[in-house]
Amino acid sequence: MENLSPAEQYLQDAHRRLPGVTSAMFGALPARTRHAQYASSYALLASCVPTAATAQTVLDLACGDGYLLKLLAERRRSPLRLVGVDMSQSELDAASAALPGDVTLLNERAQTLSLGTGSVDVVISHMALMLMRDIEQVLSEIRRVLRPRGRLAAIVGRSFLQGEVREIFMEVFRPIAREHLSHLPFGDRRTSTEDGWIELLGREFQNIEFEDVEIEWAPSPDELWNSLLGTYDIDRMAEAPRERLRAALLQRLSRLQQSDGTIRAGWGLRLITAQAA
Ligand SMILES: C[S@@+](CC[C@H](N)C(=O)[O-])C[C@H]1O[C@@H](n2cnc3c(N)ncnc32)[C@H](O)[C@@H]1O
């Protein structure tokens, strides 16, 4: 793959070392919107793919290890044609091992898709669009491959941890990161707000809607730290500052431990749905 930005090179390297890291983090955590509760944020996105009697092509953009595609592949007597795209071959290898042979997996960047114009009914994407540079080009590609009035449903990050755990994390993380973490910009800042998404999607999509998604998570301190090791900024830290972060964080979080030893943490995600204009 040519002309990868430093952030994309890092992502490729990280997902080579840690394939399946995202589904390991979110696959078993319940997700809640204002209207309903789901087994996970993947199950919520899967519910955005209609159960249709006629064949539909569904593209999972940046599919990782195929966790979301697997939920769709397991639908009974489903006429779905499933396609996954990712730029990490290690993630695609994991997906290929987990998915039925009729799921198409493509090693491509979302900025330049090989899929035909108007060939897809639904594009889904879990925790990936906010990482992508040239997001306008990515959205134009999504629009191009979607048929008119085809649907986009994406889950992106909204809040790294929640509540008091987030406050403590930020207090401990920021000074260490300022001193020890090189700046590596992922994605486009507009993907962090609803206004930004309206600006990005407004030209080529209609019926744009947002839902806050709350991920419930009550880990033990060790579980919390082990999950954080799979997040990009902490993964990028050298060993010594990372150990300083671990020690300071676990010490500060200990007062939040409940009688069963867990801490009320959580993640804030955002569901975006839109229709190709
Ligand atoms: C946080 S992981 C999410 C993976 C999967 N969707 C999930 O939730 O389990 C981000 C994924 O996006 C992929 N990715 C990032 N930028 C990409 C791009 N421009 N084109 C294709 N894949 C990309 C990475 O390789 C990685 O697999």
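**Briefing: a helix pair and the overall fold**

Helices α7 and α11 are roughly antiparallel to each other, since angles over 145 degrees count as such. The model is predicted: local features need pLDDT of at least 70, side-chain atom pairs count only at pLDDT 80 or more, and totals for chains, interfaces and linings use all residues. Residues are numbered from 1 along each chain as its sequence is written.

**The α7–α11 pair**
- Helix α7 covers residues 163-180 and helix α11 residues 239-253.
- Their axes come within 10 Å and cross at roughly 160 degrees; axes are lines fitted to C-alpha atoms over the stretch in contact, with angles from 0 to 180 degrees between N-to-C directions.
- The crossing is right-handed (the near helix is turned clockwise from the far one by less than a right angle).
- From α7, the contact uses V165, I168, F169, V172, F173, I176 and H180.
- From α11, P241, R244, L245, A248, L249, R252 and L253 take part.
- Contact means C-beta atoms, placed from the backbone, within 7 Å.

**Overall fold**
- The protein has 11 helices and nine strands (DSSP runs: H or I of at least four residues, E of at least two, numbered from the N terminus).
- The C-alpha trace spans about 55 × 40 × 40 Å along its principal axes.
- Buried residues make up 38% of the 277 residues (buried: 20 or more other C-beta atoms within 10 Å of the residue's own, C-beta atoms being placed from the backbone).
- Of contacts between residues at least 6 apart in sequence, 76% join residues at least 24 apart.

Methods. A residue is buried if 20 or more other C-beta atoms lie within 10 Å of its own, exposed if 12 or fewer, and partly exposed in between; C-beta atoms are placed from the backbone. Two residues are in contact if their C-beta atoms, placed from the backbone, lie within 7 Å. Angles under 35 degrees count as roughly parallel, over 145 as roughly antiparallel, 65 to 115 as roughly perpendicular and the rest as oblique.
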